[in-house]
Amino acid sequence: MTPTFAIPPTFLGSTLDPAAARICVAGVPLDLGTTNRAGAREGPFAVRRASRMLVDGDNPANWRDPRTLGVADVGDFAIALGDLPDSLSLIAEQAAQYDHLVTIGGDHSITLGLLRALARRCEPLEPIGLVHFDAHVDTWPDSFGQPLGHGSVFYRAIVEGLVDPRRMIQIGIRSPCERAVYDWTLAQGVRIVTAEEVHETGPRAVADLVRAVLGSGPAYLSFDIDAIDPGQAPGTGTPEVGGLFTWQVMAILKRLQGIDFRGMDLVEVAPAYDQAEITALAGATVIWQYLGLHP
């Protein structure tokens, strides 16, 4: 069935054949790695639905229409019901089929599978840099005993050598965190930008810092919706007060033109806790802004 206003039920209403696409969009309806409130498995549907708000014109930041860039929606990836390790293996196997993938989660644990696939595609001499928007550092060795949970994804990514921590920046951090975990993250070379620092220095300064940290090598963007303040994005499983405003997020993202991004994910949208689809719309707009970075 075609949804309201005759927009197909894909991201941005895309009908392009994936074989002809420059960028493919996939959903991963997995929330086995959550530690507070489940429900992010419904995120791909909600974000796709909200993306219908973004199909009626160009992005005024650069006068590009992301729909004309060659974007195809390839549907949802298969997962292993109730099995997190096997699900991550399946995610990596499926993600490896695409040169440039935008993924809608699902909880943040899916990023580990995505980074495993991306690391295999990139040259060994080109370690992946990472821009990570989040309320949490996600570098705990385990999430309440689960080493693959959504709070451990970047601990695993660093330990497995999937990303270069010296080219990794985390933006919006503000949650409770053990000092040992925070210090370990800094000791790896990660640059942590707290939400308060974003508020105090402004988006332009943060974007300049992102460029300085990443340099010219390949990079990946991972965006946890709880980076945004729950007053503007309540539909998530682990909300933290004092977060970024959506205008700050958009202002940072639009200033990242020219970075060699090889893919991105948008995770942790849990529509059961949303209000008037504002969280899903924020997530869809983050992806739309990312797509607009590509000429």
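Me: Buried means under 20% relative accessible area, exposed over 50%, and partly exposed in between (1.4 Å probe, protein chains only). What does cysteine 177 count as?

Reply: Cysteine 177 counts as partly exposed, at 28% relative accessibility. This is a predicted model, in which local features need pLDDT of at least 70 and side-chain atom pairs count only at pLDDT 80 or more, while totals for chains, interfaces and linings use all residues. Residues are numbered from 1 along each chain as its sequence is written, and side-chain values use heavy atoms, with hydrogens and water left out.

Me: And cysteine 24, what's its relative accessibility?

Reply: Cysteine 24 comes out at 5% and therefore counts as buried.

Me: How many disulfides?

Reply: The count is zero disulfides (pairs of cysteine sulfur atoms within 2.5 Å). For cysteine 24, the nearest cysteine sulfur belongs to cysteine 122 and is 16 Å away.

Me: On to packing. Which residues touch the most other members of the largest nonpolar core?

Reply: Phe133, Ile171 and Leu291 do, out of 53 residues in that core. A nonpolar core here is a set of buried Ala, Val, Leu, Ile, Met, Phe, Trp, Tyr and Cys residues joined through side-chain atoms within 4.5 Å.

Me: Which helix gives the most to this core?

Reply: Helix H9, residues 278–291, gives the most, with eight residues. Helices (H or I, at least four residues) and strands (E, at least two) are DSSP runs numbered from the N terminus.

Me: What does isoleucine 171 touch?

Reply: Not counting residues up to four places away in sequence, isoleucine 171 touches Val131, His132, Phe133, Asp134, Val193, Val198, Val206, Val210, Ala227 and Leu244. Contact is heavy atoms within 4.5 Å. Another core, of 36 residues, lies apart from the largest one, and among its members are Leu30, Phe77, Leu130 and Phe154.

Me: How many residues of helix H1 are buried?

Reply: Six of the eight residues in H1 (43–50) are buried. These are Gly43, Pro44, Ala46, Val47, Arg48 and Ala50.

Me: Which residues line the largest cavity?

Reply: The lining is Ala95, Leu101, Thr103, Leu114, Ala117, Leu118, Arg121, Tyr220, Arg262 and Gly263. E3, helix H3 (110–121) and E8 are the elements that give two or more residues to this lining. H3 supplies the largest share, four residues.

Me: And the largest pocket, how many residues line it?

Reply: The largest pocket is lined by 20 residues, and Thr35, His136, Trp140, Phe144 and His150 lie nearest its centre. About 380 Å³ of space lies in this pocket.

Me: Backbone now. Where is the cis peptide bond?

Reply: A cis peptide bond joins glycine 105 and glycine 106, with omega at about 20°. Glycine 106 is in the loop between E3 and H3.

Me: What is phi of tryptophan 63?

Reply: Near 55°, a positive value in a residue other than glycine. Tryptophan 63 is in the loop between H1 and E2 and counts as exposed, at 62% relative accessibility. Aspartate 138 also has a positive phi, of about 55°, and is not a glycine. Aspartate 138 belongs to the loop between strand E4 (129–133) and helix H4 (153–159), and at 4% relative accessibility it counts as buried.

Me: Last one: where is glutamate 277 found?

Reply: Glutamate 277 is in the loop between E8 and H9. Its relative accessible area is 40%, so glutamate 277 is partly exposed. The C-alpha atoms of glutamate 277 and glycine 189 are 37 Å apart, and the two residues are 88 residues apart along the chain.

Definitions and conventions. 1 Å grid on protein atoms, 1.4 Å probe; cavity = no way out; pocket = protein on both sides within 12 Å on 5 of 7 lines; lining within 4 Å. Points joined across faces, edges and corners; volume = space filled by probe spheres on them.
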